[in-house]
Amino acid sequence: DLTAGEIQQQVLDDGTALLEYGLATDNSYLWVLTRDSLGLARLPARAPQRLPRPSPRLPCCRPRFRRP
């Protein structure tokens, strides 16, 4: 297992973000890890339908999260 810091140093480059989400009935969350930041966003509660899988080939916007 790698820590967030190890992933930032060893895995991610300047143009890559790692997204992880947790879905629940009342609250859902999205974690965004980039080479120099870690962010958390609260999402709407889980919808009954499944989320579409993102295509790894699509470009992603630059995250606006910053370390506290």
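User: Where is Ile-7 placed?
Analyst: In this predicted model, Ile-7 lies in helix α1, which covers residues 4-10.

User: Is Ile-7 buried or exposed?
Analyst: Ile-7 counts as buried because its relative accessibility is 17%, and the cut-off for buried is under 20%.

User: Which residues does Ile-7 contact, leaving aside its neighbours within four places in sequence?
Analyst: With those neighbours set aside, Ile-7 is in contact with Leu-2, Leu-12, Leu-18 and Leu-33. Leu-18 is eleven residues from Ile-7 in sequence, and their C-alpha atoms are 9.1 Å apart.

User: New topic: the sheet. What is the order of its strands?
Analyst: The order is β1-β2-β3, in an open sheet with antiparallel pairing. The edge strands are β1 (18-22) and β3, each of which pairs on one side only. From one strand to the next, the twist averages 15 degrees.

User: What holds paired strands together in general?
Analyst: Strands of a sheet pair through backbone hydrogen bonds, in a parallel or antiparallel manner.

User: And how many bridges join β1 to β2?
Analyst: Five bridges join β1 to β2, and β2 comprises residues 28-34. Within β2, Trp-31 stands opposite Glu-20.

User: What about Ser-37: buried or exposed?
Analyst: Ser-37 is buried, because its relative accessible area is 4%. Ser-37 belongs to strand β3, residues 37-43.

User: Which side chain does the Ser-37 side chain make a polar contact with?
Analyst: The partner is the side chain of Thr-34, at 2.5 Å.

Note on methods. Residues are numbered from 1 along each chain as its sequence is written. This is a predicted model: local features need pLDDT of at least 70, side-chain atom pairs count only at pLDDT 80 or more; totals for chains, interfaces and linings use all residues. Side-chain values use heavy atoms; hydrogens and water are left out. Helices (H or I, at least four residues) and strands (E, at least two) are DSSP runs, numbered from the N terminus. Buried means under 20% relative accessible area, exposed over 50%, partly exposed in between (1.4 Å probe, protein chains only). Contact means heavy atoms within 4.5 Å. A polar contact is a pair of N or O atoms within 3.5 Å; within protein, one must be able to donate a hydrogen and the other to accept it, and residues adjacent in sequence count only if both atoms are side-chain atoms. Two strands pair if DSSP finds at least two bridges between them. Axes are lines fitted to C-alpha atoms, for helices over the stretch in contact, and angles run from 0 to 180 degrees between N-to-C directions.
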